[in-house]
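Thanks for asking me to look this model over.

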Amino acid sequence: FRAAAMPGHSALQRAVAGRVVVVTGSSEGIGAQLACRLAAAGARVVLIARSMEKLEVVKESIEDDGGEALAFSANLSCERDCDRVLGEVLDRLGRVDIFVSNA
């Protein structure tokens with residue numbers, strides 16, 4: 001997963017740099033690509049999906065490119081998992097600025 005150069009990248013940087021952005025369904029596909037682009041624009045990206053193994057691949061890609069990411073495994077169709085993972089995110093980062101529901 002690599003963030004390709006994209007038009008308007010500076011606008012994206014202004015919008016997300018330094019912000020905590022949660023991306024659900026970020027272990028592959030559109031969610032993973034979005035997470036990589038957000039991280040390349042300076043966001044502190046929180047990756048959430050069921051497969052920690054797949055999330056670790058995305059997280060490593062972001063970090064290899066100089067970005068910041070945390071990965072959390074959760075089944076978001078389960079209310080208890082939603083509460084748990086949100087609590088963990090808030091404990092670690094203190095806030096969520098942007099939430100992308102891609103799961």
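**Notes on the model**

1. Arg-19 lies in the loop between helix 1 and strand 1 (helices are DSSP runs of H or I with at least four residues, strands are E runs of at least two, both numbered from the N terminus). At 39% relative accessibility, Arg-19 counts as partly exposed (buried means under 20% relative accessible area, exposed over 50%, partly exposed in between, with a 1.4 Å probe and protein chains only).

2. A word on the ground rules: this is a predicted model, where local features need pLDDT of at least 70 and side-chain atom pairs count only at pLDDT 80 or more, while totals for chains, interfaces and linings use all residues. Residues are numbered from 1 along each chain as its sequence is written, and side-chain values use heavy atoms, with hydrogens and water left out.

3. What does Arg-19 reach beyond its neighbours within four places in sequence? Its contacts (heavy atoms within 4.5 Å) are Ala-43, Arg-44, Arg-95, Asp-97 and Ile-98. Ile-98 is 79 residues from Arg-19 in sequence, yet their C-alpha atoms are 7.5 Å apart in space.

4. Thr-24, in strand 1, is buried, with a relative accessible area of 1%. Neighbours within four places aside, Thr-24 is in contact with Ile-48, Leu-76, Phe-99, Val-100, Ser-101, Asn-102 and Ala-103.

5. Next, the helix pair. The axes of helix 2 (residues 29-40) and helix 3 (residues 52-64) come within 10 Å and cross at roughly 25° (axes are lines fitted to C-alpha atoms, for helices over the stretch in contact, and angles run from 0 to 180 degrees between N-to-C directions). Helix 2 and helix 3 are therefore roughly parallel to each other, a label for angles under 35 degrees.

6. On the helix 2 side, Ala-32, Ala-35, Cys-36 and Ala-39 meet Val-58, Ser-61 and Ile-62 of helix 3. By class, this contact has 6 nonpolar, 1 polar and no charged residues (Ala, Val, Leu, Ile, Met, Phe, Trp, Tyr, Cys and Pro count as nonpolar, Asp, Glu, Lys and Arg as charged, and the others, Gly among them, as polar).

7. Finally, Leu-47: among its contacts beyond four places in sequence are Val-23, Ala-35, Val-58, Ile-62 and Phe-72.

How values were computed: Angles under 35 degrees count as roughly parallel, over 145 as roughly antiparallel, 65 to 115 as roughly perpendicular and the rest as oblique.
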